[in-house]
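Dear colleague,

Please find below the structure that I am handing over to you. My notes on what was found in it follow.

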Amino acid sequence: MDSQCVSILPRVCGVLLVSGSSLPDDTSLEKLLDWFTTIAQTGASLLEACPCLVDFVSKVAFNYASGSSILSFTLKLTGLIGASEDGFKVLKVRLKNLNSPRPGIPFFHPSITHSNVQECSVLKLVFNPHHWQEAGLWEDPCLRIGWIQGLKMILQHSEALCFFAQADLIEPLLQLQTDSSLFVASAANQTLAQVLLLCQSLTSVGHNGSKNKDLEHNSVSVETTQNYSGIITKVSEYLNKSVVLKEISQLSGSQQILRLLAMLLVRVGPPLRDTLLLAVMNSLEELVITSCSQLTVPLMDVILAANSGLRDDSVSKQRLIQLLWFMLNMKKPANVMQAAAAVLHSHQSDPALSAHSARVLLLPLDIVTGVSLLDENSTEELRILITEQLKRKSCISIICVCLSNIPQITLMASDRLPCPQRQIVTAVLMLLRLCCVDSSSSSAGCVEVVRFITGNSKVQKCALEALLVLSKSAGVKMVLVDVFKVLTAYLNSPSSDPSVLQKSYQAVIKWVGVCPDLSCITDQLREGFIQAVRKRACDMRWEARDSTVEFLGHLGQAPSCRSFTEQETEPSDVLLGGRSFTVPLLKKALQDPESYVRASSISALAQTLTPSWQEGTALTQEQEDIVTQVQEILFQDSEGFARRAAVKFFIAWLSACSSPSSCWLLMQSVPTVLSQGVADLDWEVKLHTLELAELLLDQAFPDPSPSHPYAVISDQAHRPPIAGQQSDLLSSLKDLVNWGVVSALLCGVVDCDRPVALKACQLLLKLQGVVCPVMGNAADTRVFCQLAGASVMQQVRKIQAMGKDTYVVSEASSEADKEGIYASADPECVDVCEVLRLLDLDEKLSILTQSSDHIYNSPLSLLQDILTAAAASSQPGWDPRQELIMDCY
Amino acid sequence: YCLSGHPTLPCNVLKFKSTTIMLDCGLDTTSVLNFLPLPLVHSPRLSKLPGWISKDGSINLEKELKECAGRVFVDSQPEFCLPERELLDLSTIDVILISNYHCMMALPYITEHTGFTGTVYATEPTLQIGRRELVNFMERVPKAQSATCWKNKEIQRMLPGPLKDAVDVWTWKRCYSMQEVNSALSKVQLVGYSQKVELFGAVQVSPLSSGYSLGSSNWIIQSHHEKVSYVSGSSLLTTHPQPMDQSSLKNSDVLILTGLTQMPTANPDGMLGEFCSNLAMTIRAGGNVLVPCYSSGVIYDLLECLYQFIESANLGTTPFYFISPVANSSLEFSQIFAEWLCHNKQTKVYLPEPPFPHAELIQTNKLKHYPSIHGDFSSEFRQPCVVFTGHPSLRFGDVVHFMELWGKSSLNTVIFTEPDFSYLDALAPYQPLAMKCVYCPIDTRLNFHQVSKLLKEVQPLHVVCPEQYTQPPLTQSHRSDLMLELQPPPMPYKRCSVLNLPFRRRYERVYILPELANSLVPSEVKPGVSVATVSAVLQSKDNKHTLQSVPKAPPVAPSKKRKRVMEEPPVTMAPKPLLSGVVPLEAFLATLQKHGITEVKVEETADGHILHLQAEDTLIQLEEDGTHIVCDNNEPLRATLRDLVLRFLQKL
């Protein structure tokens, strides 16, 4: 820890003691606590680091005038100190230090006598609720939350648990479970869980480790075990009592207790779990019978959590299974569906239960579409109830619950499914047809529901989502044509919402991706699909155009498939007739008025062209036009999105290109992209430009380490630099300079956007690592680089000046350079290796790695702020209402 | 009386309070789909179509009927299906109320040659745009030969459908003449929104904004105690006209509902989007777009939408042509009727800026308008382009020319936006057709969802509507949401139905003259209720009823030549006082006793009491609504008893 902080911490504590109200802002204490927590978390002893804290805690505990925020802070701090066993011991033995109070400050509450105080350890005093009640401070929720969080922090070890049991803190903790303040109640909830978990972990250690423990220790653990069981009994009694819902006003309380119970049952193991379960079982049964709608979900969580860890033959298990069956046979369809969904999500091992849940969840789909998914007799009563429910507007939510659980249903083993998955796909397709405004298809199912679901985009989206998932199921490839027809209808429908269109496109990609055989797509189907896509590319809504463009890109990347001519082919060829269709559409989209669409079309073009780049086929005139257009976007577009996409286009091209050097257009474009990109106003564009530079850097100096760990390493990698290697490096470096990589990096390292400067710095270090050890200072190995822009030059010079008081501008360039590019003594030219050596890149990196506000955000700054604020407030004429203007955070 | 079978082109007659009011006179023009298109220039394709001969060869109508792609068309001047004219005597109609210019195309048929002498009420934009539509319509239907042989029942039965199934073909009529249009329109009297027009003192009619088109209106027809609302062609969408006035429709006894959307499943927004994307798609591919449309109405919204779309779709250089005999005036009129526009557009007028963006399109030469394809248009015509022209039926007008011109290329597209005609039927005589066809019907009129919301809001006691609205459409029988579901169920009507509207006419308002009112002497019969007798003369004139003082007998002229007694003024006698009140039994018995009648036997009956005066052998029946004294041959006793009863009653 910073020694400066240690030295001023006692003064800060003093300030806090005297007047808590003059803090720079109300988050100061939180930040102080965060700092202490960080210290404690690093493994260092908090007390060793800040010895003054105990004194502070013991003083505040008696200073009622401190204000509730300081008291609350102190309570939490006490917890933090006591969380370590050493700190706990100090707090336990430390008696109240009876320093005389400062004049004019009421140090003691009148009701606490001297003798009382002297007998009391700080720990007992701070965590004694009566102490605060007597002082009249307990009413303040701020203090209660401090107490409870302090308690939670301290409960980390057996000593603390002993203290907790002996001080009988379980009673106040249970009282706080139903506290009027939501935050207090919630924290009390978590603390209770913490108590039980600690009990469990300590008893299990006791059991396992008892052989190694000495007698003395064992006797202690017997005592503590008694304490623990007392706590557990009390908690169990409390839970049992509070689970039952006596009146509807206690609903939120019940929900909270159920959540706590569910959490405990998941986290605790036997035998504690058995104890808890036994205690609450009767109450749970009672609660299930009252079947309150709002409690269905938390109740199911509890039952399922309890059920998951039990052996099949235990009595509790059988009772729980009965409860589950009861929940699945309630009279309220919505609740039954919730319960069934919970069963499926919990991956219950009971096959009968999960099969029944799947039937329940599929029932609405069966009723609405008339596609018989289920054996009618099995769910007759529920069928009647749900059919009634579906005639109302609430049918939307029921259908959506059904659809959103289809992924879970498809995960089930096929022999447990009520029907083949193909049947489910048929039903979902039927539902999609019913939802489509333009379709005139009618179902054999519930007619009344059609009026609510037709054109309802929520149902449409859920159904499309389900269809996406169903593409993975076995044996459904047969219905590809039906799926394709429905999706085309959605893409064609003028009433489709843009989000529905997007989902439809995703579904097309998904289904095409999993179907290796697209021979079923006839010319007629394809024509319809092409028309729909073409139309959406001209849609009035930019979202629709954007999804279309994105789709074209994704389709370009889809794996190959088989067409109706039995040939291996690209899906985009089968569906859209290939690049001759997509590329012109995407080219048009480059001129779209919406920048998102322009950006998407650039990425889609990159995706579409990637295969031809990989094959290294010669560029067509069309592709050259595209490159020109993308460059224009990078130069002229007013929106960052489009420009970022433009840089990424070149990244994609460069990474896909099998031999970049033989692609003249790429090599011609790169320098312009780099110089333009690094000078962009948008920091993300600059960062992407540096990524492009990185790619070039990696290609110029490939990583010598082998691609897999067992590969044979060539001897050359270990040899000292030889002339040939040097000349290779030299030519690579010259290439980099010619492409503008080095000047882009030098430009980037002085950029005012930290992420850009950081990235550039890292890349320069990489370059330095490769180049500098090999290259000497000889004149013939010097490579000069031209820097664009005077400001860049100045900045580099400044850095150089800071690194070393000499300039490295090549005065001797005329004699050194033979190629003639740097023939004149150009003040804009720098020697690359020289610059790399002189720039203190490591120092720069360490600065850049820190966040830009690291100074203002440091603990020292915080402590100083507190002191300054206190000093200001003690000045005569200080107005507490006047906000202090501090450059703090 | 329902005279039209078409729910969106209504023609109904309402007899209400001794007035006969015609509500709209729409013309069903779908009959023209049975005719061949009338090209502007000679079409070799059409003239080469084979004539129709019955299978057995017995009937040869080669000159009248032509076959095209398996369908038979009448080769003559198109004819229209008129509103029913036999159901009631059209000369008895007092007024015709017009809702919007679509619903007045049959006006000349009603007002001319039927003996009609009444008045037509319409708003100014309705009249002006309607005049243009009528002229446009009339001018586009050229005078050519007419065919009648096929109408023979025996022959018609042999024809293939849909001609075979056409009903009342003998009543179909040719288009009216300019003179008839002028004469019909001269009977129109202009009204403004919420202006109240008295009809013979019996009813008041008043137009309300219906939000559908410029000057479109719904009508309120009300008497003092009854209110009928007529809702025809209304829209709740925020397009160019003034928004719909819903609140004035409240508290109606009967609401007559017509003119709902013809495309309940097509959302106008979606269709506009569809229209724009198809247009852009065609232009980008180098094709032309043809939009068959009317010369006003939805086209303003289309142009506005295109105005925004042109830039974003990079269509800035594509020419847009609007060809119609009234194109110029239609575009200009729309800019003039500021007071009839929605608030947003009204404010622009005061800036001053043209309220519709098509003004800017015209200024920047992106939109050009021509009266016809002859003249300037032919010299400035550039392709690819977008052409808006009529008529949407594709049977007459400039559109026929473009269909013949562009039909052979699959690059071109025809986009139908008007919902009045089935696009497949419209295209039938152009088959085979390579041109792409897109159907984006844009109908901004109320849909069923909006109607049910509206009715919930205005709560009429009864709803009367065309029967088509009471069941789902035939093609989508499962869509129970595409019909009106109301409680009580709406009263359906169809062509030629006569409905008795469920009015309970109980009261009539009668005025009383101040001097007569002054002379009344009211007496209170129970708290808050006073009664007075009135002697007056009831004068009824123009359905207004007034009570006037009885004229005093004029001094008898000193003449000895009185010949007839009848001439004497009636002798005015003071009316007998009216009695009211209840005879209290106990008090009455006591009074009887005072008058020496002691032996009284009281019997209770359902309505009162019977007193048996045993000694006098007399019965007195005291009942709620009458008192009877049955006393034979003892007049003095009866008089005494009568007086005793009268003592307890009030006299007015």
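How far apart do the end C-alpha atoms of residues 299–427 of chain B lie, and what percentage of the span is helix and what percentage strand? The ends are 21 Å apart, with 43% of the span in helix and 12% in strand. Please note that the model is predicted. UniProt, in an unreviewed entry, places the feature "domain: Beta-Casp" at these residues. Chain B is divided into domain 1 (268–439) and domain 2 (579–651), and the centres of these two domains, taken over C-alpha atoms, are separated by 91 Å.

Chain A has 889 residues, of which 52% are buried. Its secondary structure comes to 45 helices and four strands.

Helix α29 (residues 523–536) has 14 residues and should span 20 Å at 1.5 Å a residue; its end C-alpha atoms are 20 Å apart, which agrees. Its buried residues include A:L525, A:F529, A:I530 and A:V533. The buried residues of α29 pack against several helices of chain A, among them α28 (498–514) and α30 (542–557), and also against α6 (268–284) of chain B.

An α-helix has 3.6 residues a turn, so residues three or four places apart point the same way. A:D523 is partly exposed, at 47% relative accessible area, whereas A:R526 counts as buried because its relative accessibility is 18%, under the cut-off of 20%.

B:E226 and B:K17 form a salt bridge with their closest N and O atoms 3.4 Å apart. B:E226 is buried at 5% relative accessibility, and B:K17 is buried at 9%.

Finally, the two chains meet in a contact that takes 24 residues from chain B and 22 residues from chain A. The area buried between them is about 2100 Å², with 59% given by carbon and sulfur atoms. On the side of chain B, B:M281, B:R284 and B:H478 lose the most area, together 30% of what that side buries. Two salt bridges are found across this interface. A:R451 and B:E485 form a salt bridge, with their closest N and O atoms 3.0 Å apart.

Yours sincerely,
A colleague

Definitions and conventions:
Residues are numbered from 1 along each chain as its sequence is written. Chains are lettered from A and ligands numbered from 1 in the order in which they are written. This is a predicted model: local features need pLDDT of at least 70, side-chain atom pairs count only at pLDDT 80 or more; totals for chains, interfaces and linings use all residues. Side-chain values use heavy atoms; hydrogens and water are left out. UniProt positions are given in the numbering used here, feature names are shortened, and annotations may be inferred rather than shown by experiment. Helices (H or I, at least four residues) and strands (E, at least two) are DSSP runs, numbered from the N terminus. Domain bounds come from an automatic or database domain assignment. The expected span of a helix is 1.5 Å times one less than its number of residues. Buried means under 20% relative accessible area, exposed over 50%, partly exposed in between (1.4 Å probe, protein chains only). Contact means heavy atoms within 4.5 Å. Buried area is the accessible area (1.4 Å probe) that two parts lose on being put together, summed over both. A salt bridge is a side-chain nitrogen of Lys or Arg within 4 Å of a carboxyl oxygen of Asp or Glu.
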